[in-house]
Amino acid sequence: MTPRLNRFETIGALMVLSLVIVAIFAPILAPYNPTRAVAPTFGNPAPPSAAFPLGTDELGRDVLSRIIFGARISLIVGVSAVAVELLIGVAIGLAAGFFGGSIDFILMRFTDVMLTLPGLLLAMALVTVLRPSLLSILLVIGLVSWTGVARVVRAEALSVRGRDFVVAAQALGAPARRMIIRHVLPNLLPIIVVMAALGTSGTLLLDAGLSFLGLGVPPPTPSWGRMIEEATIYFRTAPWLATFPGIAIFYAVMSFNLLGYGFLRRRPQ
Amino acid sequence: MIGYIARRIVFGAVVLLGTSIITFLIAFVIPADPAVAMAGAKANPQTLATIRHELGLDEPVYVQYARYLDRAIHGDLGRSYIRRERVTTLIVERFPATAVLAIAAMALSLAIGVALGLVAAAWNGRAPDHLLLIVSLAFVSMPVFWLGTILLIVVGLDLRLFPLCGFDGWSSLVLPTVTLSLGSGAYYSRILHTNLTAAMEQDYVRAAIAKGLSRRSAMMRHALANALLPLATLAGLDLAGLLSGVVLTETVFNWPGIGRLAYEAVFNLDIPLIMGTVLFSALLIVLANLAVDLVYLWLDPRIRLGNAR
């Protein structure tokens, strides 16, 4: 492990940092209030101009300000959903890989079953039932995304479990809890970090997809996915409305993909 | 070998059973009352009670589940609360549109993946490889519904090449197919690149090169066949996913497939239809898994000759 960042990690980290800064300082950075009509429009979106660099939507709201504030929801949902995803996936994968036997069998068959369920459809159904809110969306996204994490963590835990230092600890009579916390979990950290980064790009896309389908954080809170959904009827007359929020989603997802790919390159093939 | 196939089939059946239980439990906790959904909010209590009794909703959960399972095994997934039609009829009706799109998208994804993967592996570690890596990461990072909308804006509006929405004729297939294929094609190309470069280091390939075969021929004739195997697994499962409907792409292009059906079902809380589409999707995934296992059996002699577990 070299302490120096590789090129992917550097660019990815800078992009993520820029997103975090935009999200934190949104009220300072945004030129207008994102939920108020600030341009005199009469039901027609206005094209980009000096006053409104990315144009305004049909209600006269500034697109740039809405995108800046949208970073908040996207980051909060994306990162918290990954936390939920990792919590479930690591717990199940670790238990299966460490204890083996019938625990492994039952947990992995449960994972197989969850893998056959269509994630987006399941998420749509659960969010509809729970009513869309910040909390319900991030919980549901985590709940439908953990299967991949569980499988990878199980495989990794299985291999760490067989290594000499873990076997030695067991021979010395270390209890399971101590072996997991002191020996297995620290060795799983590198792969967990990779999955956290790559997983965030996945949760960001799922969140964007849900809000595109009208199942995002409810209005008036600006969300990138819903901005695109609202813009689809204007795609002929006001193409900028759908273009810019999409670039924002793309930028956020790409930043975490670059970071995750950079982390991945550190691991021996 | 027969034992292996039998084990895979039993395994698939067990997974499906598990899926049906989870789907049923989710549907059971949905706080929508089917009787109200059918009779309307103003129905009198007597009518509601009758409907509940007819649907068997007044019985214990396990009885309801047993009945549901029994019907499902016989191909009856119940009736849609809203459309009043059989769920299986609705799915069969929508399947052709989805199937056409799924097969076209998979074909294009594989073509893109194999072509770009070969190029990246042939120039491994050099400029074309790096460029393709960045391009692939970019396509994987694009939300599919945005890519579709942008294609509509660029192609549909300015060039007027293709019909924009709905399913009318083969040219309407182009935009949704491209939308679905760019991301997965880019992903496949990276998988193939990894497998190919690993295969090129194997003894049998190095032996072929040592005997005088060019690197390019060694890659095409010897390494490619082995590198394609893992891609086949991935493609099989992805095809099952595509066949069970692609909600976002079908929404953007107003494509009359199973994805739209599922979308409507969720918005109307049409429970039998939601359960039906979910189970249908799970069935396809299980069948795809089985198919992939069988294809492996055929392609990989190591499994066929007794190392199978």
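A residue is termed buried if 20 or more other C-beta atoms lie within 10 Å of its own, exposed if 12 or fewer, and partly exposed in between, with C-beta atoms placed from the backbone. Helices (H or I, at least four residues) and strands (E, at least two) are DSSP runs, numbered from the N terminus.

The model is predicted: local features need pLDDT of at least 70, side-chain atom pairs count only at pLDDT 80 or more, and totals for chains, interfaces and linings use all residues. Residues are numbered from 1 along each chain as its sequence is written, while chains are lettered from A and ligands numbered from 1 in the order in which they are written.

Remain on H6(A), residues 134–145. Its twelve residues should span 16 Å at 1.5 Å a residue, and the end C-alpha atoms are 17 Å apart, which agrees; the expected span is 1.5 Å times one less than the number of residues.

Within helix H3 of chain A, select Gly93(A). Gly93(A) is buried because 30 other C-beta atoms lie within 10 Å. Among the residues that Gly93(A) touches, beyond those up to four places away in sequence, are Val149(A), Val153(A) and Ala157(A). Two residues are in contact if their C-beta atoms, placed from the backbone, lie within 7 Å.

Now show both chains. Here 34 residues of chain A are in contact with 37 residues of chain B. On the chain A side, H4 (101–116), H5 (119–130), H9 (176–212) and H11 (240–266) each give two or more residues. H11(A) gives the most, with ten residues. The residues of this side divide into 23 nonpolar, eight polar and three charged.

Thr19(B) counts as buried, with 23 C-beta neighbours inside 10 Å. Leaving aside neighbours within four places in sequence, Thr19(B) is in contact with Val113(A), Thr116(A) and Leu117(A) of chain A, and with Leu279(B) and Ala282(B) of chain B.

Finally, view chain B as a whole. It holds 14 helices and zero strands, and buried residues make up 39% of its 309 residues.

Note on methods. Ala, Val, Leu, Ile, Met, Phe, Trp, Tyr, Cys and Pro count as nonpolar, Asp, Glu, Lys and Arg as charged, and the others, Gly among them, as polar.
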